[in-house]
Amino acid sequence: MNKSLRPAVIAGNWKMNKTPAEASALIAELRPLVADAGCDVVVCVPFVDLPAALEAVKGSNIRVGAQNCHWEKSGAFTGEISAPMLREMGVSYVVIGHSERRQYFGETDATVNRRVRAALDEGLTVILCVGELERERELGITAEVVATQVKVALSGVKAEELSRIIIAYEPVWAIGTGKTATAAQANEVCALIRGVVASLYCDKCAGGMTIQYGGSMNAGNAEELLAQPDVDGGLIGGASLKAKDFSVIVAAASK
Ligand code: PGA
């Protein structure tokens, strides 16, 4: 399947970093460095940074995403943020099912699915995170684990909505650890995910889907990872907090 059929997307996942003022400053630094990007560039920022980020990206090629959304439109869910709230602000992307949400905040495949559904209903583009734990890789069940996560997360998602789904393959053992998957490991699982999408929908649907790798991607290893035939971009944590490093990854994805 031809890589040029799908957009390369580099997304920064800032996690719980940067105040609104710091967010504006980082985006101001980033803007000129990625102005000529040959890929889509997204920054997924903390909720409270969204207004500042949306203001700071005006007139640029950078898009803004949130890091989660609730499955209901409104209601008694203290501390949560809904998809309609994000849409009304002008947010275009939302990360769903990040392993830190699954690990520390009790997210399950079922709640991830409901959040995906809610985000799609509001016209948002979803960056859906999947990935195995270290123990699961050791047990040789990576393929089953990842396939199940993808199948449950996409249940009830229509083929025509897939253009608003990006899947990020993020092996949990590689996140924030400095331990990157090898390019071959990353490609193998991204290809497997594409196969699952093909089996659920169609070959053309799978061929058009952007599948990112995430987990300690940085300025030094991005080029090799992004050169893999099934790796169409990256979800970048730590390295997205430094404008220069992030822009080197964007440049690598633009080739
Ligand atoms: P990392 O995080 O690049 O810091 O490993 C990636 C992510 O969690 O999305």
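Start with E132, which is buried at 0% relative accessibility. This is a predicted model, so every value I give is computed from it. The side chain of E132 meets that of R137 in a salt bridge, with 2.7 Å from N to O. R137 itself is partly exposed, at 23% relative accessible area. There is also a salt-bridge network here: R6, R194, D230 and D232 are joined through shared partners.

How many salt bridges are there by this rule? The count comes to 20. One of them pairs E80 with R115, where the closest N and O atoms are 3.1 Å apart. E80 sits in the loop between β3 (62–66) and α3 (83–89), and R115 is in helix α5 (residues 109–121), so this pair ties together parts that are 35 residues apart in sequence. Which of the two partners is buried, and which is partly exposed? R115 counts as buried, at 5% relative accessibility. E80 counts as partly exposed, at 28%.

Another salt bridge links the side chains of R101 and E107, at 3.8 Å from N to O. E107 is buried, with 6% relative accessible area.

Now the cysteines. How many disulfides does a search of the whole structure find? It finds one. The partners are C202 and C205, and their sulfur atoms are 2.3 Å apart. The angle about the S-S bond is 90 degrees, and the link of C202 and C205 is right-handed. As for accessibility, C202 counts as partly exposed at 30%, while C205 is buried with a relative accessible area of 18%. The cut-off for buried is under 20%, so C205 falls on the buried side of it.

The cut-off for a disulfide is 2.5 Å between the sulfur atoms. C44 is also buried, at 0% relative accessibility. C190 counts as buried, at 0% relative accessibility.

Last, the fold. The model has a closed barrel of eight strands, running β1-β2-β3-β4-β5-β6-β7-β8, and the pairing is parallel. On average, neighbouring strands of this sheet are turned by 25 degrees against each other, direction ignored. As a reminder, strands of a sheet pair through backbone hydrogen bonds, either parallel or antiparallel.

Strand β5 covers residues 125–130 and strand β6 covers residues 165–169; the two run parallel and are joined by five bridges. Within this pair, V130 stands opposite Y169 in β6.

Which strands does helix α11 touch where it packs on the sheet? Helix α11, residues 243–253, touches β1 (9–13), β2 (40–44) and β8 (233–236). The direction of α11 makes about 160 degrees with that of β1.

To go back over the main points: the barrel is closed and has eight strands, the salt bridges number 20 by this rule, and the whole structure has one disulfide, as found by the search. That is what I have for today.

Terms used: Residues numbered from 1 in each chain as written. Predicted model: local features only at pLDDT ≥ 70, side-chain atom pairs only at ≥ 80, totals over all residues. Heavy atoms only, no water. Pairing = 2+ DSSP bridges. Helix = DSSP H or I, 4+ residues; strand = E, 2+ residues; numbered from the N terminus. Axes fitted to C-alpha atoms, helices over the stretch in contact; angles between N-to-C directions. Contact = heavy atoms within 4.5 Å. Salt bridge = Lys/Arg side-chain N within 4 Å of Asp/Glu carboxyl O. Buried < 20%, exposed > 50% of the residue type's maximum accessible area, 1.4 Å probe, protein only.
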